Amino acid sequence: MTLELPIVDDTGVWGAWMSMLNVPAISVAMELKIFESLDGQPASAEDLATQMGYQERALKALLPVLSHLGFLNDYNGAYQLTASARSYLLNDSEFSWGGVFRREGRMLVRHKLLVEAITGKKEVHDGRDRPAESWESGQVDIQMAREVTAFMHSHSQASAVGMTKSIDFSSINRVLDVGGGSGCFAIALAGMRDSMRCTVMELPAICELAQEYIANAGVSEQVDTITIDMFRASWPEGYDAHFFSNIFHDWSFETCRELANQSFDALLPGGRILLHEMLLHDSGKVPYPVIAFSLLMTIGTMGQQFTLPQLIEILESAGFTNISSCHSYGYYSVVSGEKPV
Ligand SMILES: C[S@@+](CC[C@H](N)C(=O)[O-])C[C@H]1O[C@@H](n2cnc3c(N)ncnc32)[C@H](O)[C@@H]1O
């Protein structure tokens with residue numbers, strides 16, 4: 001069954017969802033005295049991390065969010081308070097909104113998780129709050145798998161179908177969907193033509209669920225699953241494309257390099273790696289939901305959104321050539337590279 005796209009894209013929903021980070025971004029910056037530190041003394045995320053002993057990765061994601069909200073000015077990577085932040089977000093200002101944001105922050109799990117991401121002092125949480133910790137260990141129980149897979153399926157379904165309308169898959173016949181979740185991308189690819197074959201490579205509990213999604217979509221003849229822990233087991237060979245959607249953004253640069261190397265080794269010569277991600281760029285013209293999505297990654301995973309040059313660097317270092325990027329759907333792009341023949 002081939003799904004038709006809705007008449008509008010999903011960017012409005014992404015914007016509404018990502019606005020949930022507005023309050024924790026402010027409440028955490030107030031609690032951790034980030035506005036006080038930047039008052040009068042502009043600093044980059046790197047400088048602030050050093051001065052305050054905070055985590056650079058989390059500050060690199062938080063400061064652009066505060067800038068986008070109008071509370072910091074960004075002078076080529078050096079951040080300074082705006083008049084609005086100076087009036088209302090310094091804790092000892094006469095007009096401080098500290099009372100509001102302390103109370104709001106106390107009621108939000110994401111406030112606590114963001115404090116931990118910035119200070120690096122982790123507390124024990126429900127494993128579902130930070131799924132990447134379970135992914136890293138390769139241990140995901142069926143209850144968590146069901147919740148997280150339904151979550152991923154919701155936000156990926158339209159972009160999966162949208163991708164098949166904008167990216168050329170005419171020379172690709174066998175796709176390994178690495179960390180393919182519900183299988184929504186593999187299912188959408190199978191809908192392109194009967195000869196397309198896809199395999200969803202996932203952890204055991206997620207494979208079980210993906211099989212349900214695949215059967216419900218009526219594409220079991222074309223899409224199968226393989227239980228592989230991508231960090232611990234060798235990857236299957238014989239595929240002419242490896243597709244990664246929202247995988248690199250879960251991991252550090254070093255881990256992404258390892259994934260790219262694994263992919264390079266397992267792909268057929270002439271095969272392609274395809275990275276489906278929302279891209280940051282340095283121009284400051286990145287849509288707010290993408291900036292906020294990067295902050296969400298620092299809260300729940302070991303990663304962040306990447307810029308195109310960063311992904312190019314990772315792919316080139318693994319040996320991929322002919323690297324290109326193409327807008328896919330909504331806020332997503334596909335960055336692809338080729339394993340030389
Ligand atoms: C952010 S989700 C992306 C899901 C899907 N590709 C999408 O874009 O909707 C990351 C996926 O990677 C899978 N994953 C994480 N660690 C893994 C591992 N060690 N081996 C195989 N898959 C893993 C997770 O189960 C999860 O489905």
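How many residues surround the ligand, and which are the closest? In this predicted model, local features need pLDDT of at least 70 and side-chain atom pairs count only at pLDDT 80 or more, while totals for chains, interfaces and linings use all residues. Residues are numbered from 1 along each chain as its sequence is written, and side-chain values use heavy atoms, with hydrogens and water left out.

The ligand is surrounded by 18 residues, each with a heavy atom within 4 Å of it. The closest are Ser156, Gly179, Glu202, Asp229 and Ser245. By class, this shell holds nine nonpolar, six polar and three charged residues. Here Ala, Val, Leu, Ile, Met, Phe, Trp, Tyr, Cys and Pro count as nonpolar, Asp, Glu, Lys and Arg as charged, and the others, Gly among them, as polar.

A side-chain N or O atom of Ser156 is 2.6 Å from a ligand oxygen. For Glu202, a polar side-chain atom lies 2.5 Å from an oxygen of the ligand. Gly179 uses a backbone N or O atom, 2.8 Å from a ligand nitrogen. Taken alone, the ligand exposes 590 Å², and the protein buries 98% of that (Shrake-Rupley method, 1.4 Å probe).The protein atoms alone were also searched for cavities, sets of points on a 1 Å grid where a 1.4 Å probe fits but cannot get out. The count comes to one cavity of 30 Å³ or more. Its lining (residues with an atom within 4 Å of a point) consists of Arg57, Leu113, Ala117, Lys122, Arg130, Thr298, Ile299 and Thr301.

Terms used:
A polar contact is a pair of N or O atoms within 3.5 Å; within protein, one must be able to donate a hydrogen and the other to accept it, and residues adjacent in sequence count only if both atoms are side-chain atoms. On a 1 Å grid over the protein atoms alone, a cavity is a set of points where a 1.4 Å probe fits but cannot get out, and a pocket is an open set with protein on both sides within 12 Å along at least five of seven lines; lining residues have an atom within 4 Å of a point. Grid points are joined across faces, edges and corners, and a volume is the space filled by probe spheres set on the points.
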